[in-house]
Amino acid sequence: MMQQSSGDLDDLYMEIILDHYKSPRNRADLSHISDDETHENPSCGDTLKLEVLMGDDGRIKSVLFDGHGCAISTASASLMSERLPGKTREEARQFIDAFLKVLRGEEHPSRLEEWGDLAVLGGVVQFPLRIKCATLAWHALEKTLEELIP
Amino acid sequence: MGRTSGFFMTSDARSTDPLTERLLADPRGFLGDDVRNEFPLLAANPDLIYLDSAATSQKPEAVLSAIDRYYRQDNANVHRSLYDLAERSTMAFEDSRRVVESYLNAASHREIIFTRGTTEALNLLAWSLSELLVTEGDIILVSTLEHHANFVPWQQAAIRKGAELLLIPALKDGTLDLDFLSTLEKDSRADRVKITAVAHISNAFGTIHPVRAISRWCRERGIPLVLDAAQSLPHLPIDVQASGADFLAFSGHKVYGPMGSGVLWGREEWLEKMPPWQTGGEMISMVKPEKSTWNELPYKFEAGTPDVAAAVGLAAALKWMKDTGVERLEAREHELGLYTYKRLSSLEGLTLYGPSDPFRRRAVFSFNLEGIHSHDVAQYMNTVGVAIRSGHHCAQPAMRLMGIPSTARASLALYNTHEDIDKLIDAVKGVQEYFR
């Protein structure tokens with residue numbers, strides 16, 4: 001018989017994910033950012049623009065995003081943006097690193113549990129083809145932080 | 001009725017010939033739904049609704065057994081050794097070429113070049129034809145609706161040659177804007193066009209492009225026309241000599257054949273003049289330290305040991321289509337396409353892309369559901385056993401034209417049934433309910 005995805009659909013589209021998809025937090029019009037700086041998932045055509053605003057204290061003040069994406073990529077960006085304010089760049093880097101490790105299957109999804117709502121993204125690991133959707137915003141953040149003037 | 005009828009009917013005109021009308025009236029009577037059982041994968045998975053044949057088709061038993069038989073009985077390298085086995089392998093390969101020649105109604109077997117698929121065929125052409133014809137300041141003409149395989153190789157050739165890549169624009173309904181050709185006349189850019197390359201059917205929207213009109217324009221100017229037939233050969237009978245094209249490329253795996261098989265057809269007078277693309281064994285005549293001379297057609301373009309089993313499998317697929325009846329198959333699919341169009345376009349909250357005239361499109365149905373990303377549509381459908389594609393379908397310029405990042409795409413083949421479409425429609429409603 002046909003090999004079906006191992007995960008149940010509701011493990012992927014948890015209530016929290018659908019909520020963030022329908023009402024994304026920190027989504028803003030970022031048309032002032034040039035298209036050249038758009039982050040893309042070339043396999044599906046999803047696009048994402050990201051803006052990180054730093055406070056005078058060297059901590060992230062806010063993260064805004066804009067773009068087209070599926071429920072997973074939109075919810076991932078939205079959930080990520082909620083957790084970032086208050087973190088230093090170094091803390092943000094560690095945060096990204098830990099998330100990507102879970103999504104790559106190198107660490108158990110329970111690692112995400114201490115991060116509240118974000119933990120629901122651990123369910124994506126059961127859907128290998130959707131991992132890129134969940135990580136798009138995080139790779140974008142990684143790149144944006146690298147390019148921030150210190 | 002000649003074999004060319006289908007080609008011309010569907011290329012440009014809306015009118016149908018009497019045979020097609022008769023077939024359309026009773027297409028399922030001519031080819032029953034049990035054709036599905038000739039495909040082992042589908043027979044083993046009765047609940048699978050496979051609607052992704054534009055990506056790749058399933059393979060009938062006839063193809064699987066031909067490949068198996070080749071490796072079990074005839075495997076040896078071709079065109080070299082003198083023992084019986086090598087002779088049988090060479091015969092299997094060359095017979096396959098004759099099957100393709102006859103299927104396409106090519107003028108000679110010398111015009112049939114085996115490749116790994118459409119992409120390789122178009123890369124060969126883009127390199128070789130641009131070497132022959134294109135210099136600085138020239139124009140290569142393609143369309144906005146091309147698959148990346150018929151776009152990027154020409155773009156790169158233009159960059160290499162200092163030439164310009166021009167795009168025939170498309171209208172919002174997913175059809176080509178041929179008024180652009182008159183514009184080229186007026187500002188005399190037409191004189192600089194050296195190659196034109198277009199798809200016969202758009203893989204993103206299913207549009208049947210007006211090949212006859214484009215070929216007439218090219219003919220008048222002596223510009224070779226390259227036809228990407230990857231999406232049309234599975235659905236329409238094609239007679240290359242009558243097609244008005246000078247080159248045609250297709251993939252075996254989309255016409256019920258194996259992956260890694262494909263064909264480039266070209267008119268002999270062009271192929272003779274063109275330089276070889278890949279060099280090495282088999283494609284040479286004489287090799288000296290300072291220079292080499294080339295083998296005759298088609299071997300000049302087939303360097304190295306070919307994938308003989310793939311060619312054998314492709315020939316088996318074309319034979320199977322011919323035995324099944326290309327016109328029957330076309331009528332069955334067309335009728336199913338009309339049904340699909342009618343059902344999908346009646347749904348609320350669904351945007352269907354491509355021409356609104358169902359006679360100007362074939363087999364491919366790209367759509368989006370309001371407020372729901374195509375990925376999520378495809379993911380949901382998987383849970384109810386409906387396999388569709390989501391994404392940009394390797395046609396980013398076409399997606400950009402529509403102002404969308406991606407679509408969900410259901411595509412048909414001859415094993416699909418009305419019940420499949422009913423399940424697709426139920427699945428669309430299910431998605432809308434789930435993400436409401």
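Author: The account below takes the domains of chain B in turn, and then the contact with chain A.

This is a predicted model, in which local features need pLDDT of at least 70 and side-chain atom pairs count only at pLDDT 80 or more, while totals for chains, interfaces and linings use all residues. Residues are numbered from 1 along each chain as its sequence is written, and chains are lettered from A and ligands numbered from 1 in the order in which they are written.

Chain B is divided into domain 1 (4–58 + 325–434) and domain 2 (64–322); domain bounds come from an automatic or database domain assignment. The centres of domain 1 and domain 2 of chain B, taken over C-alpha atoms, are separated by 26 Å. Across the boundary, 34 residues of domain 1 of chain B are in contact with 39 residues of domain 2 of chain B (two residues are in contact if their C-beta atoms, placed from the backbone, lie within 7 Å). On the domain 1 side, the elements that give two or more residues are α1 (4–11), α14 (326–345), β12 (364–369) and α16 (396–402) of chain B. Helices (H or I, at least four residues) and strands (E, at least two) are DSSP runs, numbered from the N terminus. Of these elements, α1(B) gives the most, with 6 residues. The domain 1 side divides into 17 nonpolar, 10 polar and 7 charged residues; Ala, Val, Leu, Ile, Met, Phe, Trp, Tyr, Cys and Pro count as nonpolar, Asp, Glu, Lys and Arg as charged, and the others, Gly among them, as polar.

Chain B also holds an open sheet of 7 strands with mixed pairing, in the order β2-β8-β7-β6-β5-β3-β4; two strands pair if DSSP finds at least two bridges between them. Because β2 (112–115) and β4 (164–168) of chain B stand at the edges with a single partner strand each, one side of each is left without a neighbour in the sheet. Neighbouring strands of this sheet are turned by 20° against each other on average, direction ignored. Strands β7 (residues 247–251) and β8 (residues 262–266) of chain B run antiparallel and are joined by 5 bridges, and S251(B) stands opposite G262(B) in β8(B).

A pair of helices in chain B comes next. The axes of α7 (residues 118–133) and α8 (residues 152–161) of chain B come within 9 Å and cross at roughly 25°, which makes α7(B) roughly parallel to α8(B) (angles under 35 degrees count as roughly parallel, over 145 as roughly antiparallel, 65 to 115 as roughly perpendicular and the rest as oblique). Axes are lines fitted to C-alpha atoms, for helices over the stretch in contact, and angles run from 0 to 180 degrees between N-to-C directions. Among the residues of α7(B) that meet α8(B) are L122(B) and W127(B), and their counterparts in α8(B) include W154(B) and K161(B). This contact divides into 6 nonpolar, 2 polar and 1 charged residues.

Finally, the contact between the chains takes 16 residues from chain B and 15 residues from chain A. On the chain B side, α15 (374–383), β14 (389–391) and α16 give two or more residues, and the largest share, 6 residues, comes from α15(B). The chain B side divides into 4 nonpolar, 11 polar and 1 charged residues. Helix α15(B) also packs with α17 (residues 418–434) of chain B at an angle of about 115°, with their axes 9 Å apart.
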